[in-house]
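Okay, thanks for having me, everyone. Have a look at the structure on the screen, and I'll talk you through it.

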Amino acid sequence: MAAIATPPTSCACHTEFFYGSMSQAAALAAANAYRSGEVILDRFRGRAGIPEPLQAVEHFARAHTGERSVGAVAVESSRMDGDVTEAIVRCGDVRLQVVIEPSAFTAPCGTACAETITTYRLVSLDRLTPVRYATLALA
């Protein structure tokens, strides 16, 4: 009986981050980057344990800033208004307001599988200006 080697459909690094379909070499590179405290942005799908829209928010924040550090990105707050998700994301020393909405596209297999895949579209991404408070001196 012959064995057929197929590329993995995803890579989960210590069950914290997920990646899309990738070759064995790319999966090893992602695992090695994780061991070094970084994520590889190519094929990055998101963090496990948070809702799918917030995974997309983190993905867009990382893609925009190029932030690769494992612990540098976190959703501070979020709210949904219908299908639209708005979130405040800390990305290193920067805070971003990210707004996304679901988007569907037809699978690359065409009419053979007639599958529609849900993904997310970036509506807006804005850097938030830090608020500085002045302390009044007592006379």
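Predicted model: local features only at pLDDT ≥ 70, side-chain atom pairs only at ≥ 80, totals over all residues.

Now the overview. The protein chain has two helices and seven strands, and from the N terminus they run β-β-α-β-α-β-β-β-β. There are 139 residues in the protein chain, and 29% of them count as buried.

Back to Glu-58. What does its side chain meet in a salt bridge? That would be Arg-47, at 3.2 Å from N to O. Glu-58 sits in helix 2 and Arg-47 in strand 3, so the pair ties together parts that are eleven residues apart in sequence. Arg-47 has 14% relative accessibility, so that one counts as buried too.

Compare that with another salt bridge, between Glu-101 and Arg-121, where the closest N and O atoms are 2.5 Å apart. This pair links strand 6, which holds Glu-101, to strand 7, which holds Arg-121, and the two residues are 20 apart. Glu-101 is partly exposed, at 24% relative accessible area, and so is Arg-121, at 42%. Salt bridges with shared partners also join Glu-16, Arg-47 and Glu-58 into one network. The whole structure has six salt bridges.

Okay, helix 1. Which of its residues are buried? They're Ala-27, Ala-30, Ala-31, Ala-33 and Tyr-34. Those residues cover an arc of only 160° around the axis, which puts them on the same side of helix 1. Over on the other side, Gln-24, Ala-25 and Arg-35 are exposed. Why does a helix get sides like that? An α-helix has 3.6 residues a turn, so residues three or four places apart point the same way. After helix 1 comes Gly-37, with a positive phi near 85°.

Last stop, the nonpolar cores. The largest one has 15 residues, and those touching the most other members are Val-57, Phe-60, Val-89, Leu-96, Val-98 and Ile-100. Helix 2, strand 5, strand 6 and strand 7 each supply at least two residues of this core, and helix 2 gives the largest share, with five. Apart from this core lies another, of nine residues, including Met-22, Ala-27, Val-39 and Phe-44.

Terms used: Residues numbered from 1 in each chain as written. Heavy atoms only, no water. Buried < 20%, exposed > 50% of the residue type's maximum accessible area, 1.4 Å probe, protein only. Helix = DSSP H or I, 4+ residues; strand = E, 2+ residues; numbered from the N terminus. Arc of directions from axis to C-beta. Core = buried A, V, L, I, M, F, W, Y, C linked by side-chain atoms within 4.5 Å. Salt bridge = Lys/Arg side-chain N within 4 Å of Asp/Glu carboxyl O.
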